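This report examines one protein model, first as a whole and then at selected sites.

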Amino acid sequence: DIPGLVDAADECDHWTDAPQTSFWDCHNDIMYPRDTVTLVEWTPLALYRFIDDANQVEVLVFWNNSYMKSSANGKLFNHYLDTSTASSETGAPIQRPVIKNSAKAPDGRLSLLDPEKAAKSTFSFYENVVSYGSNLLSHCLLVKQSILEKKEYLARKCKSPLVSNAVLIERYHPEIGKMTAFEDKRVWVKFIDNAFLQMDSEHKDCKVVLPAGDVRFVGVHKPLGVEEYVQIAKEFAAWAFHTPDER
């Protein structure tokens with residue numbers, strides 16, 4: 001049993017009747033923390049668990065108690081109808097919580113009355129489950145990478161303390177915002193959408209505060225989720241730290 005979960009069918013049946021794009025129908029990236037990886041996620045259709053050391057996600061489908069595990073970064077999912085033979089290589093298999101009739105599963109009677117409709121219903125069901133799992137995996141990998149980048153960013157910051165707060169050059173662009181280059185080769189960009197970027201003096205790491213307040217630590221070479229912000233900062237830095245003739 002998982003503490004805190006609703007265990008009465010009449011309390012959670014209406015969740016599965018929610019319209020498409022609702023909270024329960026699709027993975028909403030905004031609802032998840034940025035400073036820690038979500039390890040377990042419960043939905044009315046399935047239970048998801050992020051396997052940290054394998055960078056994959058495993059799924060327990062409530063409808064038929066089947067087990068799924070991602071591969072190829074969430075592009076593929078292996079499906080096992082017998083969960084007793086599909087234990088995770090990195091730990092114990094997920095145990096199904098005791099919740100009755102919580103999942104809105106395909107109607108088994110359709111297979112006799114309308115085989116084509118039954119096939120579409122089953123496909124749609126698994127499409128939702130797999131899509132949710134794939135999006136959750138993408139989010140977990142993004143946050144995990146951000147946490148690692150933050151550690152590297154702070155480590156480099158300690159090794160390379162501030163040299164100068166003197167401004168080397170400053171420019172404003174009405175479609176971008178205010179861009180500042182310091183003499184110690186750091187770069188700051190205050191964007192017009194209220195995002196704020198700080199690039200270190202070695203131009204290896206960036207700290208990006210997004211308009212909604214989320215903070216991302218990324219490498220300049222792999223700025224997952226904030227590519228446009230970092231690209232603008234890179235172009236400005238390349239221009240600012242050249243001589244007037246080189247510009």
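The model is predicted: local features need pLDDT of at least 70 and side-chain atom pairs count only at pLDDT 80 or more, whereas totals for chains, interfaces and linings use all residues. Residues are numbered from 1 along each chain as its sequence is written, and side-chain values use heavy atoms, with hydrogens and water left out.

The protein chain contains four helices and 11 strands, taken as DSSP runs (H or I, at least four residues; E, at least two) numbered from the N terminus.

| Property of the protein chain | Value |
|---|---|
| Buried share of the 247 residues | 37% |
| Accessible surface | about 14500 Å² |
| Carbon and sulfur share of that surface | 54% |

Buried denotes under 20% relative accessible area; areas come from the Shrake-Rupley method with a 1.4 Å probe, and for residues only the protein chains shown count as cover.

T180 belongs to strand 7 (residues 177-182) and counts as buried because its relative accessibility is 8%. Beyond neighbours within four places in sequence, its contacts include E170, W188 and F236, a contact being heavy atoms within 4.5 Å. The side chains of T180 and E170 are joined by a polar contact of 3.0 Å.

In helix 4, the buried residues are Y229, V230, A233, F236, A237 and A240. They lie on the same side of helix 4, because they cover an arc of only 125 degrees around the axis, based on directions from the helix axis to the C-beta atoms. Their packing partners include strand 6 (167-173), strand 7 and strand 8 (187-191).

Key: Buried means under 20% relative accessible area, exposed over 50%, partly exposed in between (1.4 Å probe, protein chains only). A polar contact is a pair of N or O atoms within 3.5 Å; within protein, one must be able to donate a hydrogen and the other to accept it, and residues adjacent in sequence count only if both atoms are side-chain atoms.
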